[in-house]
Amino acid sequence: MSIFIDETTKVVYQGLTGSQGRYYGLLNREYGTQVVAGTNPKKAGTDVDGIPVFANVAEAVEATGATASCIFIPAPGVQAAVLEAAEAGIEFIVAITEGVPAQDEAYFYNKLKDEFPNTQMLGPNCPGIISPGKANIGITANHISKPGGPVGIVSRSGTLTYQALWELKGNDIGVTTCVGIGGDPVPGTSFIDCLRAFEADPETKAVMMIGEIGGSAEEEAAEFIKDHMTKPVSVYIAGVTAPPGKKMGHAGAIVSGGKGTAAAKMEALRDAGALIGNNPTECGVLMTEIVAAL
Amino acid sequence: MDLLEYQGKQFFASYGIPVSDGAATDNVDEAVAIAERVGYPVVVKAQVHTGGRGKAGGVKLAENADECRTHAGNILGLDIKGHIVNIIWVEKASDIAEEYYASFTLDRSAKKHLGMLSAEGGVEIESVAETNPDAIAKIHIDPVVGLTEAAARDWVTTAKLNPAATDGAVDILLKLYTAYTEGDADLVEINPLILKPTGEVHALDAKVSLDGNAIYEHPDYEQYEATQPRDEREQAAFEKGLQYVGLEGSVGVIANGAGLAMSTVDVINQVGGNAANFLDIGGGANADVMAGALEVINNDPDVKSIFINIFGGITRGEEVANGIVEAMKRVKIDSPIVIRLDGTNAEEGRAILVPHLDDKLMMADTMLEAAGKSVELADSRR
């Protein structure tokens, strides 16, 4: 089984008519994702390579039965797009857009939590989610993963997510679902949300987790692993050598006042029983050993 | 982006928060003119992106024009922890009865805003947090609800501020919260927030960090780019729109994706070397971006070798390889380059690079191998 999405998930693409939305929407469809609709208030009634475009998410849901959405709207419009999807009853929102102001993220994260408890958001600023062989929502390349399982992946970093998929594919190991939660300060879906789902998924037998410096999401994940995970976890944390106080590309990847260091995160995860790789390759090797021993 | 104190005070003032009357300048004569206008005594303060200004002689009280002239002259050009003072802020000195601390920032763990208020201001809040954590009153604020006046009043009471300061503090906290949210700040901090003997509450310092992602909502924030602390390399990279952070080592790094770039810096360290920089060229790796990146790295005199680490996802290996070949035609590179190209169509990409390989351009199969080779090359060229 996969988590969050599979081949039956119907997805509406908010921003399908834009260049990014169109490019990735069609690639996602090519992979097998049910890309059932796009939205654009000015282009309602048209289509993108056969995919119908509606004025808004509510109309798209009404016409197609979509339960998920994927957002390729530029940063200034993301807050409105997220709330529009939630109001239309969308259960799973994937927000790819990067550069969303943190104040907006904090606002719509809490708005969803307070008023739309049945809606889960992934991102913003994330590569999306892929259940190999079933569906791909987002910007992950189609052919860098092996379907099947038994490994689930959750990652805060885009390219390192791809690297992880690639390392496992190279070792002939399949993946149930790979979730890129994104590197922003207020991610809609956390490590713990994914770990919990993987723990409950019978086909996922082990989890590979990729973290980064900054924040305390990895430390919180360590607590969860310690108390609730029976499945083995291998971990890589990027940013061991990052100097304090410097932003390393992601809004999230910043160490302040000695908190959120890679060393502290690795220590917490090691204590929780996870296996720690010092680089992505080593983490892949550890997972290969875990899978061999299953 | 981090604001200098005077920019922070102007930012606060624009939201109605009381700050001292003053102005910023880069010359001594103007400093005296400002002092004459606001009235003595004045405080002359160095404007640099670092703490410990007072200890370094960057904050001085002047009772008259002569003292103001002397202090302004001494502080301008002063080196404070590697930051040269180019701007000073001259403000009317304040009488202080009590010093408090107030701030708002995002609590990433709680995913809510965190307000901190303490009656023990004027010192580093980190040390208060360590020695006397109960002296900091914390509240979490749901961004959807915001900070209500009633909540602010309770908060001030909990923090045990002097009752005389209550009304003034509540007013400032509400305005500070508005500045924080509507101004798209990552952090707003007043330390010290002072109570004057006359009963007024007033922001004596300002620490503000704005969210660069929100510039589109605040076009005037562009002005702060000019005073961001960047070294020469970082400035050059910034002008090319590259995500670059200068480091101290000798191996130049180019990678696609922030995570992979950080990871590259780590792996170089693990094999016994040191990276000269972090540089994320993003998802694509076309010739323009690659050429710009190589140029910035090549101009760094400390760089002795270059490690290009690319994982092709949607961008195919052959596009990346063509970009590198094209970029190398445009920029003359002094240091040897080691490339690790993996992911989508990596083999096709490597085949394009093969005819160009020599002792200035090498290829490695894995990240570790490439790191090892680039560190070895850097060491041999020291």
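In the predicted model described here, Gly312(B) stands opposite Gly343(B) of strand E17 of chain B, strands being DSSP runs of E with at least two residues and helices DSSP runs of H or I with at least four, both numbered from the N terminus. Residues are numbered from 1 along each chain as its sequence is written, and chains are lettered from A and ligands numbered from 1 in the order in which they are written. Because the model is predicted, local features need pLDDT of at least 70 and side-chain atom pairs count only at pLDDT 80 or more, while totals for chains, interfaces and linings use all residues.

The strand that carries Gly312(B), E16(B), pairs with E17(B) (residues 337-343) in the parallel sense over seven bridges, two strands being taken to pair if DSSP finds at least two bridges between them. Strand E14 of chain B (residues 251-255) likewise pairs with E16(B) in the parallel sense, over five bridges, and here Val253(B) stands opposite Phe307(B). Eight of the eight residues of E16(B) (residues 305-312) are buried, so the strand is largely enclosed by the rest of the structure; a residue is buried if 20 or more other C-beta atoms, placed from the backbone, lie within 10 Å of its own, exposed if 12 or fewer, and partly exposed in between. Ser305(B), Phe307(B), Asn309(B) and Phe311(B) point one way from the strand, whereas Ile306(B), Ile308(B), Ile310(B) and Gly312(B) point the other way.

Elsewhere in chain B, helix H3 (residues 65-75) has Cys68(B), His71(B), Ala72(B) and Ile75(B) as buried residues. Seen down the axis of H3(B), these buried residues fall within an arc of 100°, so they line one face of the helix, the arc being that of the directions from the helix axis to the C-beta atoms. Their cover includes helix H2 (28-38) and strands E2 (42-46), E3 (59-62) and E6 (88-92) of chain B. Just after H3(B), Gly77(B) adopts a positive phi of about 95°.

Chain A contains an open sheet of seven strands with mixed pairing, in the order E3-E4-E2-E1-E5-E6-E7. Its edge strands, each pairing on one side only, are E3(A) (47-48) and E7(A) (120-122). E3(A) pairs with E4(A) (residues 51-54) in the antiparallel sense over two bridges, and Ile51(A) in E4(A) is the bridge partner of Val48(A). Helix H1 of chain A (residues 19-31) packs on the sheet, touching E1 (10-14), E2 (34-39), E3 and E4 of chain A, and its direction makes about 160° with that of E2(A); axes are lines fitted to C-alpha atoms, for helices over the stretch in contact, and angles run from 0 to 180 degrees between N-to-C directions.

The domain assignment of chain A gives domain 1 (10-122) and domain 2 (144-292), with bounds from an automatic or database assignment. The C-alpha centres of these domains of chain A lie 26 Å apart, and their contact takes eight residues from domain 1 and eight residues from domain 2, two residues being in contact if their C-beta atoms, placed from the backbone, lie within 7 Å. On the side of domain 1 that touches domain 2, H4(A) gives the most, with four residues.

Between the chains, 49 residues of chain A are in contact with 44 residues of chain B. H4(A) (102-115), H5(A) (158-170) and H9(A) (280-292) are the elements that give two or more residues to the side of chain A that touches chain B, and H4(A) gives the most, with eight residues.
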